[in-house]
Amino acid sequence: MSTTRGVFIGTDSGATTSKVGAVWADGKTVSTKLLQRPTNAQNGPDAVIQGWVEAISDYLQQHQLGWEAVQGVGLAIPGPYESYGVLGRSANLPASLAGWNVHRDYRQALAQAAGHAIPLVMGNDGMLGGVAEAAKVRGAEKCSVLMLAPGSGLGSAYIDANGLPLEGDTLAGMETAHMPAALHLLNAKPLPCGCGRTWGCIEPLTTISGLPHLLAEKLVKYPDHALAKSTATPKEKALSLRGLAQKGDVLALEIFDFQARALGLHVANLCLALDPHYVVIGGGLMDHEATTPEFRERYLGVIRETASTYLWPVQRERIKIVSASLGDLSQAIGAALTALYQSHKS
Ligand SMILES: [Zn+2]
């Protein structure tokens, strides 16, 4: 049992599965293997907290560590929040969890398990995933990183040169998914968005959420495509596009080229505000286990080319647009790293 090596733990809470990862005090990852457990959100707050604490106990045991080694914990949990630490109403969690002060309850449970107070930081999963990807991409360089991860929604994060995410006053900062897109440059009309805004949010243009609409529009051009006759649901058809694109299907490739152009404009828009050194693109299309290098390079290439037109000349040379590389690890490790960085500040 080591008492000399401090460890920082990250809890990544998803709607169904929670994961544990950790870093040492020097920022190195303890293990590239995460421990995974059901979140049990349907059983209420106490069950969720108990699950998280037990998962940390098991993780510590697996690595021959005790609670006395734990110097900080980070929690990645999807927003929105009512205030720091208090969950708002989320589409992915039971309504009964809205208004829950998860920060207060988790901190108390951690103190009880450890026998000493443990600092707890929290942030949304996209933000903290960005912290880990930023640490990976920049290595020893002191520079800032923009991360965009299109999946079911569009995760966004800006990580400053000290490694910490831009949060805003209520953790709602860098919620770029619902910024308006330059629709005229895309020759597109505003798509419906889950947030209710009608100004043409970028999210449905770049993520799975808008794929059924983009596909329906495309099928007008390709009425003989197999998907025009398919009896699958719109969601199933949308999810089949990634696989079709890998096989060179023209309709699917045109849709992802469109999404890449939309994301490229969003990248340029955000670079004007943030001036980062790296832009990391994550999400399902950059998943190294689900897409081919050729597909990823095509997608990134369109993003780079589109963004480049709208950047300042100096930025065109300097800003690097690259693929994310941590996959599933990023959010738990990012939560642990944020706990570590915060310990340096306090
Ligand atoms: Zn929106």
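Which residues in helix 6 meet which residues in helix 8? Leu211, Pro212 and Leu215 in helix 6 meet Pro234, Lys235, Lys237, Ala238 and Leu241 in helix 8. Contact here requires C-beta atoms, placed from the backbone, within 7 Å. Helices (H or I, at least four residues) and strands (E, at least two) are DSSP runs, numbered from the N terminus.

The structure is a predicted model: local features need pLDDT of at least 70, side-chain atom pairs count only at pLDDT 80 or more, and totals for chains, interfaces and linings use all residues. Residue numbers start from 1 along each chain as its sequence is written.

By class, the contact of helix 6 with helix 8 has six nonpolar, no polar and two charged residues. Nonpolar covers Ala, Val, Leu, Ile, Met, Phe, Trp, Tyr, Cys and Pro, charged covers Asp, Glu, Lys and Arg, and the others, Gly among them, are polar. Helix 6 (residues 211-221) and helix 8 (residues 234-246) pack at about 85°, and their axes are 9 Å apart. Axes are lines fitted to C-alpha atoms, for helices over the stretch in contact, with angles from 0 to 180 degrees between N-to-C directions. The two helices, helix 6 and helix 8, are therefore roughly perpendicular (65 to 115 degrees).

**Domains and core**

The domain assignment of the protein gives domain 1 (7-123) and domain 2 (138-325); such bounds come from an automatic or database assignment. Taken over C-alpha atoms, their centres are 29 Å apart. Six residues of domain 1 contact five residues of domain 2. On the domain 1 side, these are three nonpolar, three polar and no charged residues.

The largest nonpolar core has 101 residues, and Ile9, Val267, Ile281, Ile303, Ala336 and Leu337 have the most contacts inside it. A nonpolar core is a set of buried Ala, Val, Leu, Ile, Met, Phe, Trp, Tyr and Cys residues joined through C-beta atoms within 7 Å. Helix 9 (residues 250-274) gives the largest share of this core, 11 residues. Both domain 1 and domain 2 give residues to the core, so it lies between them. Leaving aside neighbours within four places in sequence, Ile281 contacts Leu148, Met286, Leu300, Ile303, Ile321, Ser323 and Ala324.

**Backbone exceptions**

A cis peptide bond joins Gly79 and Pro80, with omega about 0°. Pro80 lies in the loop between strand 4 (70-76) and strand 5 (81-83). Two residues other than glycine have positive phi. Burial is judged by other C-beta atoms, placed from the backbone, within 10 Å: buried at 20 or more, exposed at 12 or fewer, partly exposed in between.

| Residue | Phi | Loop | C-beta atoms within 10 Å |
|---|---|---|---|
| Asp275 | about 50° | helix 9 to strand 10 (278-281) | 15, partly exposed |

Note on methods:
Contact = placed C-beta atoms within 7 Å. Parallel < 35°, antiparallel > 145°, perpendicular 65-115°, else oblique.
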